[in-house]
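Here are a few friendly notes to read with the structure open beside you. Take them one at a time, and try to find each feature on screen before moving on.

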Amino acid sequence: MTTTRIFITSLRNELIAFLLFVGLWSLAAVFYPVYVIPSPLAVAASYPEYLPKDFSHHLGVTGLRLGLGLGIAFLAGSLLGTLAFTRKWELSINAFMSALNVLPGMVLGVIFLLVLGIGSSTPIALVTFLTLPTLTINTVNGLAKRDTNLEQYLASIGAQKSHFVKYLYLPALVPTLLGNLSIGLGLAIKVVLMGEFIGSQDGLGYLLNTARLTFEMKAVFFYLVVLLFFTLIFQAGVSLLSNTILRKYFYA
Amino acid sequence: MNILTVLRWHKRFGDQVTIADLSFSIPQGGRAAIFAPSGSGKTTLLQILARLQQPDGGSFWLEDPRPVVIFQEPRLFPHLTVEENIFLPFRVQKKPLTAQIQQDYKAWLRVCELGAFRQHFPHQLSGGMKQKVALVRGFLQKPTFVMLDEPFQSIGQQAKKGIIQHLLATNPGLSMLLVTHDPEEARLMADFTFYFSTNYLGQYSLIEAPQTIFAL
């Protein structure tokens, strides 16, 4: 199968998910007035009157915060998980990360706001801090599922630690890391919006909060569609990666 | 001179005795087979020799510092092609892939009928083909001592004979410890057999001519 066809297939699956969402939304809109749940058609018909002039700036900063926060958490989580596994710290790290995982996001958000102030730092720190535990635990669990027969084989040919990482641990991690990207993105979107609710004066979260407070439901639904669309495109990209250049790591 | 000497080995897993006071030796260039009931500790024996496990007691001397082990399962890396799997020990041990090795590699591919599958991944091969790849990977290193744990299980009779003939023709001085359930394999490969009738490895009968194993 060519790369283009694989991408189109991945996009088709995401499109089905998108259409399903629009279908459910349309159904819900039948039972509620337009100021509570506007229909997709109503949102499309009034576009773009409910959007601020600098919408693209808000979209850009949210994308940047999301990318930075998730990127840092992804790198740190993968590194920390691999280190914990190879150094046999996995039980301590897992316990620590599980403890971090129960910290309420709103409380952390307020703390970061007080420490870092209003701006991009608060949402970025919040995304990093709240996605890191899940990504680290997933990485450790992914490595725990490695093939121990292959580990024995490498030991029998005199492999060094770096060979174990190169030929066994990293390849065993690829499916987990891609899974981390998918899980991490969903979580990171929620968190970046929360961070922008609390500690920012721009970004989609800020717009969503303002629209919510003034009952601009068409704008609220439009922003939700933008987020959904972005998530589905990202998932299609991850799916494309797993079906092309990283396909060989899924045969184990 | 012996390539391998095992002296008074003991090994147990909980209450289960696996190896009890086992001693044996293999002379330089000797090819030994181990015949024992299932679950009697044959794989444990090989794993201790490969330094993947420790015995509870006893000692051993192995002249070859890096013996080749061919396991019961192929143990191929799923993300590497056939060729990459076969050359992996060379990369790990930083040995150059000389012209002689490339020539031996091609000869092994012909014998094992793997020539058309060099760029295939393990999931694209049958069980027998995977096992052949594992054998080529082991034998291509030109070991002086090789340990084989039922290595021909999923390989047909004709192919098995071809592989054994090629191995013995290209490595005439090879020392070997073969674990097998198949008297035919022992007859083709080994010049003496340690025959165990208990469900652990301890006392054994030494059979100089493996052909006679049929009569036991």
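1. Let us begin with a pair of helices. This is a predicted model, and in it the axes of helix 9 (residues 204–213) of chain A and helix 10 (residues 217–243) of chain A come within 9 Å of each other, crossing at roughly 155°. Because angles over 145 degrees count as roughly antiparallel, helix 9 of chain A is roughly antiparallel to helix 10 of chain A. The crossing of these two helices of chain A is left-handed.

2. Which residues of helix 9 of chain A meet helix 10 of chain A? From helix 9 come Leu204(A), Leu207(A), Leu208(A), Ala211(A) and Arg212(A). Facing them in helix 10 are Ala219(A), Val220(A), Tyr223(A), Val226(A) and Leu227(A). Sorted by class, the residues of this contact are 9 nonpolar, no polar and 1 charged.

3. Now step back to the whole of chain A. Its secondary structure consists of 10 helices and 0 strands, and along the sequence the pattern reads α-α-α-α-α-α-α-α-α-α. Along the principal axes, the C-alpha atoms of chain A fill a box of roughly 70 × 50 × 30 Å.

4. How much of chain A is buried? Of the 252 residues in chain A, 35% are buried. The contacts of chain A are worth a look too: among those between residues at least 6 apart in sequence, 77% join residues at least 24 apart.

5. Next, find Leu79(A), which sits in helix 3 (residues 55–86) of chain A. Is Leu79(A) buried or exposed? Leu79(A) has 12 C-beta neighbours inside 10 Å, so it counts as exposed; the cut-off for exposed is 12 or fewer. Between the C-alpha atoms of Leu79(A) and His163(A) there are 17 Å, while along the chain these residues are 84 residues apart.

6. Ala28(A) belongs to helix 1 (residues 3–31) of chain A, and it counts as exposed because it has 12 C-beta neighbours inside 10 Å. The C-alpha atoms of Ala28(A) and Pro38(A) are separated by 9.1 Å, and the two residues lie 10 residues apart along the chain.

7. Finally, turn to where the two chains touch. How many residues of chain B are in contact with chain A? There are 15 in chain B, in contact with 16 residues of chain A. On the chain B side, the touching residues divide into 9 nonpolar, 3 polar and 3 charged.

Notes
Residues are numbered from 1 along each chain as its sequence is written. Chains are lettered from A and ligands numbered from 1 in the order in which they are written. This is a predicted model: local features need pLDDT of at least 70, side-chain atom pairs count only at pLDDT 80 or more; totals for chains, interfaces and linings use all residues. Two residues are in contact if their C-beta atoms, placed from the backbone, lie within 7 Å. Ala, Val, Leu, Ile, Met, Phe, Trp, Tyr, Cys and Pro count as nonpolar, Asp, Glu, Lys and Arg as charged, and the others, Gly among them, as polar. Axes are lines fitted to C-alpha atoms, for helices over the stretch in contact, and angles run from 0 to 180 degrees between N-to-C directions. Helices (H or I, at least four residues) and strands (E, at least two) are DSSP runs, numbered from the N terminus. Angles under 35 degrees count as roughly parallel, over 145 as roughly antiparallel, 65 to 115 as roughly perpendicular and the rest as oblique. A crossing is left-handed if the near helix is turned anticlockwise from the far one by less than a right angle, and right-handed if clockwise. A residue is buried if 20 or more other C-beta atoms lie within 10 Å of its own, exposed if 12 or fewer, and partly exposed in between; C-beta atoms are placed from the backbone.
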